[in-house]
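Okay, thanks everyone, let's get going.

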Amino acid sequence: MKQQIYYINPVPKPRMTQRDAWKKRPVVVKYHAFCDEMRANRFTLPESGAHLTFVIPMPKSWSKKKRIEMNGKPHQQRPDVDNLIKAVMDAIFDEDCRVWNISASKLWGEQGKIGVTSVSYTHLTLPTSDL
């Protein structure tokens, strides 16, 4: 098992329209900056067996007591985990169809980061009678 941590604030993939080509909405600008940072840090993912851990930074408005209580706990609000995965995949792959096995989780933390844990799959066999 191999683990790598990237100190990059996770950003979800926004819903984009044709208008975003000329009207630079802040959410789209933030997403493109995230993509550039991912490429600059040489972020990599295996084709299978990756678990992404998104650490979402806690709001500065939270009290010290709440920050201590929530550190490392599951993040159960927006952004959705599937949009975070989409942002990562689209940032590093031209064609992300090669990735066939991936899982993810979201946690609260003091600093935003993305952890990648890789488990290699050499062979996966499914019983054909159940298909």
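Start with Ala50, which stands opposite Ser118 in E4. Keep in mind that this is a predicted model. Ser118 has a partner in another strand too: it's the bridge partner of Lys2. So what joins up with E4? Strand E1, residues 2–6, is joined to E4 by five bridges, and E2 is joined to E4 by six. Both pairings run antiparallel.

Now, is E4 enclosed or open? Five of its six residues are buried, so E4 is largely enclosed by the rest of the structure.

On to the core. The largest nonpolar core has 26 residues, and those with the most contacts inside it include Phe34, Leu45, Phe54 and Val88. Helix H1 (26–40), strand E2 (50–57), helix H3 (81–92) and strand E4 (113–118) each put in at least two residues. Which one gives the most? That's H3, with six residues. As a general point, nonpolar side chains in soluble globular proteins tend to be buried together.

Last stop, Gln77, in the loop between helix H2 (64–70) and H3. Gln77 counts as partly exposed because its relative accessibility is 46%, and the cut-offs for that class are 20% and 50%. What does Gln77 touch? Leaving out residues up to four places away in sequence, Lys106 and Trp108. Met58 is 19 residues from Gln77 along the chain, and their C-alpha atoms are separated by 12 Å.

Methods: Residues are numbered from 1 along each chain as its sequence is written. This is a predicted model: local features need pLDDT of at least 70, side-chain atom pairs count only at pLDDT 80 or more; totals for chains, interfaces and linings use all residues. Side-chain values use heavy atoms; hydrogens and water are left out. A nonpolar core is a set of buried Ala, Val, Leu, Ile, Met, Phe, Trp, Tyr and Cys residues joined through side-chain atoms within 4.5 Å. Buried means under 20% relative accessible area, exposed over 50%, partly exposed in between (1.4 Å probe, protein chains only). Helices (H or I, at least four residues) and strands (E, at least two) are DSSP runs, numbered from the N terminus. Contact means heavy atoms within 4.5 Å. Two strands pair if DSSP finds at least two bridges between them.
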